[in-house]
Amino acid sequence: MSETMITTATVAAQATTHHEEHGHHHESFISKYIFSMDHKTIGKQFLITGIVWAIVGGLFSVLFRLQLGYPDKTFPILETFFGQWAKGGQIQPEFYYGLVTMHGTVLVFFVLTAGLSGTFANILIPLQIGARDMASPFLNMLSYWFFFLASVVMMSSIFVNTGPASGGWTMYPPLSALKQAGDGQKIGTDLWLVSMALFIVSSLLGGLNYISTILNMRTKGMSMTRMPLTIWAVFFTAILGVLSFPVLLSGAILLLFDRNLGTSFYLSDIVINGEVLPNEGGSAILYQHLFWFLGHPEVYIILLPAMGMVSEILSVNSRKPIFGYMAMLGSLFAIAILAFLVWAHHMFVTGLNPFLGSVFVLLTLLIAVPSAIKVFNWLTTLWRGNIRFTPGALFAIGFVSLFISGGLTGIFLGNSTIDIHLHDTMFVVAHFHIVMGVASFFGMFAGVYHWFPKMFGRYLNNTMAYIHFWVTMIGAYLIYWPMHYQGLAGVPRRYLDKSGWVNFNNFRDLDQMITIVTIVVFAAQLLFVFNFFYSIYKGRKVRSQNPWGANTLEWTTPINPGHGNWEGDIPEVHRWPYDYAKDGREFIPQTEPVGANESKH
Amino acid sequence: MQTFFILAILVLVFVIILQISKASEYVSQIKGYENARKQSNRINGFMLLGFLIFGLIGVYLCNEWLKDRILGEPASDHGELVDQMLYVTLAITSIVFICTQVALFWFAYKYQESDHRKAYYYPHNNRLELIWTVIPAIALSVLVGFGIFYWFKITGPAPKDAMVVEVVGKQFGWEFRYPGADGVLGKKYFKKVDAVTGNPAGQLWEDPANHDDVFVEQEMHLVVGKPVQLVIGAKDVIHDVGLVHFRMKMDAVPGTPTTMWFTPKFTTKEMKEKTGNKDFVYELSCDQMCGKGHWSMRGTIVVETQEEFDAWMASKKPQYLVANPDKDLTAKKDSASVALPMTTAVAKN
């Protein structure tokens, strides 16, 4: 029904009426910017909230890196800010573990899950499949506000007297189940669990919406195999989330019960500080199964959208089709399936049945095959291209480099024999920060640089973007590459001071180097944040509808699309999105009908 | 003051970058965006190539810098298998790493935008796809095969003649129990744990197998060349028995006992010579986040000859006698040598 209505409305909006008017419904400030149901605004809300969280999470890592690099130095300024948590200018153990836990939780869930797929699924799905909005804009709005609520609860836990949860982002019981186990296990952990429950609701609402939108609301001619790989990636991401997050929810709820209602799901045979607890018959390992049944797919929930965006951005900027579209799609599918079948590789040394362990070794190393296919296809996409190094393209190339480096160390850890030695050492920290943390961040940055003109109608400043890229790229390798050596020497994770150890204490110079680089890299991220907000208002204006010369549908919308995305009819799609360099033409948009003499591929 | 200077420098650098960025925006406005873009494209192309070259040199230098700090020779039979697997994997992944990274950055540099080149329309090639599906699959099968073979060797049942030691983690330390002459660990029940009455392990005294079990804290003694099976548990939260030199690791889970076994190859004395570190000790680290003292949860292990071990064991009194001094017949005969533990036990009672 609303086809004509929205048409007239967007035309009206386009006619420079500053106050946008939608037919007969007025958009107030609140309905346009706060409780908005426009997928583009919701995407920006996710992005900006994600940026705020990334600053918080990154700052935490700077704080605990200070402790790691300079365990015997004092920083009086810390006491000024954090009082008892940094008594005498030294980060106290409880505070350290709170920082580590919050850093992990915030970056994994709030930044790289909500901030990444929340942003790009929302902005790109309707724009790239040719829909006016999500299947359910209202649920979409709720998805953001549940995330916001989760953020408020998590943030508040940082300010309670006993401090935030400090049991590590995996929150293993019994440590997380016993209030006697430490300060961080008091109210902070309850707030963490409540916040995660809200977050899961948000993620499910968002995910269901993405899936139904992709399945039902594609424009005419947009068959599934004509979708850009970004959409396929967020599609698989959403399915992973919908199938695995409920399991974490159940795990978290049972943990809340154990904490507050005296149940014994995870507790058995416990004597803590001389106090004998009555619980018997629970299994602490049960939680790990529930957690990692989400936790491993979660890795791919973080990584797949980055892969999708990198595929798209590399293709656009090499001016060349993505190599092996169907293989890319097949490998995404294979990764999504295998993601559910490898969770116990996080548990090789929990006393898991060795036979079961061997099955998980096989399945885990199997993931390397589709991953390798993706890497080779990206390389071939670059081969004989005509590559433009836009900031987005640089971050995409950086992503591939990091994905190779971090993926290869995964082959060490996925092999249970080697994992015995490397499990829970700094090697693991280096591995997952490269492959899941930094690589996904690179995918996210690539996406922001590439679609910023679509989001805000302006460009980001290129000089700042290039400085941001090079500092981050060099810094990431300087931080994490040598860290593997610490892991090979067996230095355990989460050790805030190694001076009491004979065998772990010979990396002082390395730790200091890493800390200094961390601070520099963090500063480079602040530069990005500045560039982001500065360019929203002051950036160079986009003057062309299709600034990158891309084929996908989002570039057929007006430079500043209103609610409803297209003036007039939604465009019809006639071809796949990767017809670059075909028949001597630089690019052929998806909306162009296939010509009579066009060559087939 | 130093922090203040660092902050000041950071702010200054920030301001400079902002000014340069603004200026470059104006410059490109004057020169024309297309020209500016092409120039920065060339610069970034060179930087990508430079990153590859300096990156690979950096990888080499990093190895030179740190290679002596990773652990030397493994100190257990299982450790040899782990290291062997590690080096095989390292060899294969290094080849892949160098080939793919070189290809990535070289292609990026070589095929950077040029007015003289047109991109090549190359959407797919089934044979290539097949090749790079099959080759990784074969390489990984080799790794999986070796990995599982070693894994079963390491996790297989302990030899019959293995000595047994119980290891229990608690916030934040380690407890050990030796089965004594009968070679059997007596039964225990967590509700009997009571350090005050001399029963920190929760042993059931009615089980006669408990009567000769020896309880010690923080330091474990093992015999060189003799397989040892650790029976691992935890009192409060999950800990992890990490033995870096033996390349062994196993979680300590409250309520669910776990085990692992290995054979120490070198005594502590031999390791002191091998490492050239006269302070060398085998350390037992907690590798699973267990609370605020996690980082300091350290135990030590002494690996010694059978004679030294026997002498050490003979100096220990079974916990049963510590907890029940009235049963201690030797103490009455030879009160001088064991007077101290007896009186403390009595005092606690």
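Me: Where in chain A is Arg384(A)?
Reply: Arg384(A) sits in the loop between α12 (368-382) and α13 of chain A. Helices (H or I, at least four residues) and strands (E, at least two) are DSSP runs, numbered from the N terminus.

Me: How do I read the names, and what kind of model is this?
Reply: Residues count from 1 along each chain as its sequence is written, while chains are lettered from A and ligands numbered from 1 in the order in which they are written. The model is predicted, so local features need pLDDT of at least 70 and side-chain atom pairs count only at pLDDT 80 or more, while totals for chains, interfaces and linings use all residues.

Me: Back to Arg384(A). What is its phi?
Reply: Phi is positive, about 55°, although Arg384(A) is not a glycine.

Me: Buried or exposed, or in between?
Reply: Arg384(A) is partly exposed, with 19 other C-beta atoms within 10 Å. Buried takes 20 or more other C-beta atoms within 10 Å of the residue's own, exposed takes 12 or fewer, and partly exposed is in between; C-beta atoms are placed from the backbone.

Me: And Asn565(A), what's its phi?
Reply: Near 70°, a positive value in a residue other than glycine. Asn565(A) lies in the loop between α18 (508-538) and β5 (580-582) of chain A. Asn565(A) counts as buried, with 23 C-beta neighbours inside 10 Å.

Me: Which peptide bond ending at Pro174(A) is cis?
Reply: The one from Pro173(A) to Pro174(A), with omega near 0°. Pro174(A) is in the loop between α6 (137-158) and α7 (187-216) of chain A. In chain B, the bond from Gln171(B) to Phe172(B) is cis, with omega near -5°. Phe172(B) lies in the loop between β1 and β2 of chain B.

Me: New topic. How many residues are in the largest nonpolar core?
Reply: It has 277 residues. Those with the most contacts inside it are Val310(A), Ala396(A), Phe399(A), Val400(A), Ala439(A) and Ala446(A). Helix α5 (residues 93-129) of chain A gives the most to this core, with 22 residues. A nonpolar core is a set of buried Ala, Val, Leu, Ile, Met, Phe, Trp, Tyr and Cys residues joined through C-beta atoms within 7 Å.

Me: Which residues does Ala446(A) touch?
Reply: Leaving aside neighbours within four places in sequence, Ala446(A) is in contact with Met309(A), Val310(A), Ile313(A), Gly392(A), Phe395(A), Ala396(A) and Phe399(A). Contact means C-beta atoms, placed from the backbone, within 7 Å.

Me: How many residues does each chain put into the contact between A and B?
Reply: Chain A puts in 107 residues and chain B 99 residues. On the side of chain A that touches chain B, helix α13 (residues 391-413) gives the most, with nine residues. The residues of that side divide into 66 nonpolar, 30 polar and eleven charged. Here Ala, Val, Leu, Ile, Met, Phe, Trp, Tyr, Cys and Pro count as nonpolar, Asp, Glu, Lys and Arg as charged, and the others, Gly among them, as polar.

Me: Now the sheets. In what order do β1, β2, β3, β5 and β8 of chain B stand?
Reply: The order is β3-β2-β1-β5-β8 in an open sheet of five strands, with mixed pairing. Two strands pair if DSSP finds at least two bridges between them.

Me: Why does one side of β3 and of β8 lack a neighbour in the sheet?
Reply: β3 and β8 (258-262) of chain B stand at the edges, each with a single partner strand, so one side of each has no neighbour in the sheet.

Me: What about β5(B), how many of its seven residues are buried?
Reply: Five of the seven, so β5(B) is largely enclosed by the rest of the structure. Strand β5 (residues 228-234) of chain B pairs with β1 (residues 163-170) of chain B in the parallel sense over seven bridges. Val164(B) stands opposite Gln229(B) there. Five bridges join β5(B) to β8(B), and these two run antiparallel. In β8(B), Trp261(B) is opposite Gln229(B).

Me: Which strands form the open sheet that includes β4 of chain B?
Reply: Five strands of chain B, in the order β4-β10-β9-β6-β7, with mixed pairing. Strand β6 (residues 239-243) of chain B pairs with β7(B) in the antiparallel sense over five bridges. His239(B) stands opposite Ala252(B) in β7(B).

Me: Last one: where is Gly202(B)?
Reply: In the loop between β2 (173-178) and β3 (214-217) of chain B. With 18 C-beta neighbours inside 10 Å, Gly202(B) counts as partly exposed.

Definitions and conventions:
Two residues are in contact if their C-beta atoms, placed from the backbone, lie within 7 Å.
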